[in-house]
Amino acid sequence: MIEYYDISGCYILRPWTMAVWEMMQTFFDAEIKKMKIKNCYFPLFVSPAVLQKEKDHIEGFAPEVAWVTKSGQSDLEVPIAIRPTSETVMYPYYSKWIRGHRDLPLRLNQWCNVVRWEFSHPTPFIRSREFLWQEGHTAFATKEEADKEVLDILELYRRIYEEYLAIPVIKGKKSELEKFAGGFYTTSVEAFIPNTGRGIQGATSHCLGQNFAKMFDITFENEKGEKAMVWQNSWAYSTRTIGVMVMVHGDDKGLVMPPKVASVQIIVVPVPFKDADTQAIFDACDATVNTLNEAGFRAEADLRDNYSPGWKYSHWEMKGVPLRIEIGPKDLANKQVRAVRRDNSAKIDIPMVNLVEQVKDMLDNIQQNLFDVAKHKRDACVKTVRTWDEFIEALGQKKMILAPWCDEMEVEKDVKARTKGETGAAKTLCAPFDQPDLEGVNCFVTGRPGKKWSYWGRSY
Ligand SMILES: O=C1CCCN[C@@H]1CCCn1cnc2cc(F)c(Cl)cc2c1=O
Ligand SMILES: [Mg+2]
């Protein structure tokens, strides 16, 4: 997937990874184009004056801004920041371009890299100093339009996880403490890693309200001829999605790639025998690959003569190829192939005449099974609690905890302080849109009447 790089926190994304990124990008890009969102590209560099534009937007983030201070041997007059996100790059131009209500809605997206000089230990895909993402930045005349788009984009993020990566996620709203400080409210899709018992934010869709319109003077003349501030959203998912896929589906044999995003969906391996017709077997492998590719699958044959079939089985299992097809003399004689699933190791013989249809069924079944297994595991990690003691016990059991609370920032800060440990503190992951009943339910921390049910847990 990656190669380590001589600059800490930076990783080389190899083709096996890029294929997954491109598969997701193809889906998401087509969907936002249906929503009349247009792609653009803004410069990588941010001038300091613009970056400082808003204290509370970058407050706390300043240490992670990377700066260019020289060109060649000479110092730059003024150092230039490398974008950690593009609000301050884009919004001065939103202010210039948006004049009247006919200029709205303005809906732009860019596929790019961003740099954040993170200090906590770097992790491939999950926390890197440079990563790829898309960032959408939209402006509307009304709050209603903005609110609707926040949820439309969040649904696309759910689809990326659940339909492509086969990962269950929870849609919800971030707490006041966890939301994007420069925004109005933040929604997110939250995933969970059973093996480590940690939540992970999968993607975010923020309503910025009119905060940035105020900061950057982004106003328009509405139908009544009055000057009004726009309502804005911003939303992103990144290569972190791939890290979640690796952690959720991986097993002791290595990667498990969901068929929808697998670079190679089917690997065909010849099983030659001493006195068998090796050429006939190789020809059958080529023919099988061609038939599958013509049917729209991504199939390859491993005809290398310097590795044994067994070696190849382990190699492609480690790379997570969802389906292996073996062709030996017996298969040839019976005009069949042997198919082996990566997710549950099931083996079945497929008559060559049914190849395409049965491979399609198997890949669909593997995709669905990966999701079902992941959802079952995730659901088994969820614990609903009503009291502090139950909360602490569940936290110790590496659970994702659903608990009612009074939704006050001070209380969340208190929980963080009281659960600080070497593996990090517990925090809210999101308040699920799907809220259980709050009737007669009290906050698990303060005992005051419960205002909201939230998922809590340690996180990445
Ligand atoms: O999450 C998204 C969706 C896409 C566009 N951006 C928002 C908010 C990003 C928050 N954020 C996140 N990280 C940051 C790091 C920084 F160094 C600076 Cl100066 C700012 C930020 C910062 O604002
Ligand atoms: Mg950060």
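Begin by selecting Cys 207, which counts as buried at 0% relative accessibility. Keep in mind throughout that this is a predicted model. Now show the sulfur of Cys 207 together with that of Cys 430, the closest cysteine sulfur, and you will find them 17 Å apart, which is too far for a bond. Cys 430 is buried as well, with a relative accessible area of 1%, and its sulfur lies 16 Å from the closest cysteine sulfur, in Cys 381, so that this pair is also too far apart for a bond. A search of the whole structure finds zero disulfides.

Next, select Met 24, Phe 28, Tyr 157, Leu 165, Ile 167, Tyr 237 and Met 245, the residues with the most contacts inside the largest nonpolar core, which has 50 residues. Among the elements that each supply at least two residues of this core are helix H1 (15-34), helix H5 (143-164) and strand E11 (198-209), and H1 gives the most, with nine residues. Which residues does Ile 167 touch, leaving aside those up to four places away in sequence? Its partners include Tyr 161, Ala 191, Val 244, Met 245 and Phe 371.

From there, move to Val 289, Leu 355, Leu 363 and Leu 370, which belong to a second, separate core of 26 residues.

Finally, colour the three strands that form an open antiparallel sheet in the order E4-E6-E5. The edge strands, E4 (45-46) and E5 (67-71), each pair on one side only. Four bridges join E5 to E6 (residues 74-82), and if you select Val 68 you will see it standing opposite Ile 80 in E6.

How values were computed: Residues numbered from 1 in each chain as written. Chains lettered and ligands numbered in written order. Predicted model: local features only at pLDDT ≥ 70, side-chain atom pairs only at ≥ 80, totals over all residues. Heavy atoms only, no water. Core = buried A, V, L, I, M, F, W, Y, C linked by side-chain atoms within 4.5 Å. Buried < 20%, exposed > 50% of the residue type's maximum accessible area, 1.4 Å probe, protein only. Contact = heavy atoms within 4.5 Å. Pairing = 2+ DSSP bridges. Disulfide = S-S within 2.5 Å.
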